[in-house]
2 protein chains.
Amino acid sequence: MTTIKDVAARAGVSPSTVSRVVSNHPRISEKTKRQVRLAMEELGYHPNVLARSLAKKSAEAIGVLIPSTTEEFFLNPFFPELLRGISEVTKREGYDILLTTSGSGREDQQSLERMIHGKRVDGVLLLSSRMHDPLMQVLKEHPFPVTLVGRPEIDLPITWVNNDNIDAGYQATRHLIGLGHQRIGFLGGDEALLVTRDRLHGYHLALDEAGIPTDRRLMFSSSFMEQGGYMGMMRLLALPDRPTAVVASDDLLAFGAMRAAGELGYRIPEDIAVVGFNNVKLCEMSNPSLTSVDVHIYELGKKAALLLIDQVRNTGEGAHAVTHELVRTQLVIRHSCGGGKTLSYAP
Amino acid sequence: MTTIKDVAARAGVSPSTVSRVVSNHPRISEKTKRQVRLAMEELGYHPNVLARSLAKKSAEAIGVLIPSTTEEFFLNPFFPELLRGISEVTKREGYDILLTTSGSGREDQQSLERMIHGKRVDGVLLLSSRMHDPLMQVLKEHPFPVTLVGRPEIDLPITWVNNDNIDAGYQATRHLIGLGHQRIGFLGGDEALLVTRDRLHGYHLALDEAGIPTDRRLMFSSSFMEQGGYMGMMRLLALPDRPTAVVASDDLLAFGAMRAAGELGYRIPEDIAVVGFNNVKLCEMSNPSLTSVDVHIYELGKKAALLLIDQVRNTGEGAHAVTHELVRTQLVIRHSCGGGKTLSYAP
DNA sequence: TTGTACGCGTTATCAG
DNA sequence: CTGATAACGCGTACAA
């Protein structure tokens, strides 16, 4: 292991000079700069990041905390796409990513505290936000650079990036209503997730606006995504007055729903229309292709990382203002809802 | 920021004693243990991981190096599934994951060197292996705990975990031949990837064994996965003597191929059979469901992480033996090749 | 422009 | 069982 001292000795200068060369200090003579660089070459020197971080009190890394529903989370294409956005900016800004998963709510808390106090990261990116999230408590107690992907349940002074999920739910439902549907089902993901609740909220808004009464039997939630969508659709189709359209609050749910409908011999969109959320790659590949609300996951990831790094860099300064950003949302119309054509409403 | 000294003062002991309590040193009186624990509570103390790592010369973290084809890599369901396996064991073993992406081959090298010498991680997991990989050079020069997911092109003394991809390719092709196919196409991913080459190799073996002549026109490679599969299939179907079956070396390629066939009005499996690799979740959901070689990605990730951590822990000791492990492979027969078992769940 | 000396927060060694 | 003291490798006032 070659250290800064070895280089110093080799170059005939002091360790501090080497340090300055490494960090591109301005006032250093070209000559010694060359000498030091040469010595570094010859010795194959690489600075010890740990020691540097300890001295500078900055880790040059951000933490990404994957929520306790780890397994489901990994399975959803949402995750890699978000991570892609995040890594795009961390790479550009010179930060590393520390990935932490946890099995339970308690572990979530511990992981977060370890990250915050362990000084291994300069800030943390929180993925997903749920009701009564114990993490929020931790954040309340310890001010620390954090960005939430989603929104906090209660008004908390923390930075977050989110979609306007209420509006997204509204738009999707509105689309179906516009196509003439009156009985519209709602397939939700984990009910504790705020995304689910917000999209459901939007669904209700659209229904109310159109004067369509809501029917509890038309709503079904499950945290098992594809499977949940499958089961939910089965249930909806079993109703005596089955829906002619379904809003699935996640593309995976929608795929499960489509699978169920297909197996029962219902045609999409002729017999039942489906709309999803997230607009994952698969939407265009499925048959029929899935109409979905694009929430721009990649953008979401980039924004979140950027906002976090901003905080990290301006910490301590006056600018302690928290920021909230809403990433726009966009309905992408494909074939799963049919066009303005004739729809068969036969039950 | 409360340090070990603060706790020491509060508890009326020396810093070293606190350190011992933290690390559960055996010979410490119950009494002082309680005092120290109390002080830690009251002060909300959390050890500084950086300082600890610096002193202990071990980072309690492993690096995961995502290859230069970052974007494609994130898009493939292979990635999150592998990561899930990795994180499963790192969590259990108390290691954190440092994710590093890079844009180019050069950056790959630098990232690796930074990780190795920067001491921020104790070992590195290399995902994917390609021809003439510059990373191998780095590994040759610096002995360091590394595990490769895949296999090195040349015989290098490094630990790796892989599938028997040659056999996998052989099995898939053999399956098609068994169903009576004689003209079988091959859709490959990035040609520089050893996976691609190995699976192609297996394809050739099966063909040779059956006495079927190979035809260059039946092989098409592209690193753009779904799109590549689409284009490749288009090309294959345009041939005067088109294939009746296709081996696609990745499920995504297979989906693209199926989409192309569908758009042109070919039925699967009646008109053309398709088999893929990886057995991603989507295989069962697609229509028709995709016959695919399960390579047990999750297992692959777990094994890789485990082997790496083993190395990390036994480094310096005599046991410097590198290990190679082959994760078994298994053809999962569904509907995209026909012939197989008749499944009845149609309405 | 460069060197000295000290601090960053812990752990390990060696006394006691 | 516990307490000094010296690393760990690097950054940075302060002085020269």
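**Entry 1: the sheet around β5 of chain B**

I looked up B:Asn163 and found that its bridge partner in β11(B) is B:Val327. β5(B) and strand β11 (residues 324-327) of chain B pair in the parallel sense over four bridges, where I take strands as paired if DSSP finds at least two bridges between them. Helices (H or I, at least four residues) and strands (E, at least two) are DSSP runs here, numbered from the N terminus. This is a predicted model, in which I read local features only at pLDDT of at least 70 and side-chain atom pairs only at pLDDT 80 or more, while totals for chains, interfaces and linings use all residues. Residues are numbered from 1 along each chain as its sequence is written, and chains are lettered from A and ligands numbered from 1 in the order in which they are written.

I then turned to strand β4 (residues 146-149) of chain B, which pairs with β5(B) in the parallel sense over three bridges; within this pairing, B:Val149 has B:Val161 as its bridge partner. Four of the five residues of β5(B) (residues 159-163) are buried, so this strand is largely enclosed by the rest of the structure. For burial I use 20 or more other C-beta atoms within 10 Å of the residue's own, with 12 or fewer for exposed and partly exposed in between, the C-beta atoms being placed from the backbone.

Strand β3 (residues 123-127) of chain B is mostly covered, with four of its five residues buried.

I noted B:Lys119 in the loop between α7 (105-118) and β3 of chain B. Is B:Lys119 buried or exposed? It counts as buried, because it has 20 C-beta neighbours inside 10 Å. Not counting residues up to four places away in sequence, B:Lys119 touches A:Asn48, A:Val49, A:Leu50 and B:Ala59, a contact being a pair of C-beta atoms, placed from the backbone, within 7 Å.

**Entry 2: where chains A and B touch**

I looked up the interface and found 41 residues of chain A in contact with 40 residues of chain B. Three bridges join β2(A) to strand β2 (residues 96-101) of chain B, and the two run antiparallel; A:Leu98 has B:Leu98 as its bridge partner.

I checked the length of helix α12 (residues 251-263) of chain A: at 1.5 Å a residue its 13 residues should span 18 Å, and its end C-alpha atoms are 18 Å apart, which agrees. The expected span is 1.5 Å times one less than the number of residues. Because 11 of the 13 residues are buried, α12(A) is largely enclosed by the rest of the structure. The helix is followed by A:Gly265, whose phi is positive, near 90 degrees.

Of the 171 residues in the largest nonpolar core, A:Ala257, A:Val274, B:Ala257 and B:Val274 touch the most other members. Such a core is a set of buried Ala, Val, Leu, Ile, Met, Phe, Trp, Tyr and Cys residues joined through C-beta atoms within 7 Å.

**Entry 5**

I found 25 residues around DNA strand C, the closest being A:Arg27, B:Ile4, B:Ser19, B:Asn48 and B:Ala55, where near means that the C-beta atom, placed from the backbone, lies within 6 Å of the strand. α4(B) gives the most to this surface, with five residues, and the surface divides into 12 nonpolar, 10 polar and three charged residues.

DNA strand D is surrounded by 24 residues, the closest being A:Thr3, A:Ile4, A:Ser16, A:Asn48 and B:Arg27. Here α4(A) gives the most, with five residues, and the division is 11 nonpolar, 10 polar and three charged.

Note on methods
Nonpolar A, V, L, I, M, F, W, Y, C, P; charged D, E, K, R; others polar. Contact = placed C-beta atoms within 7 Å.
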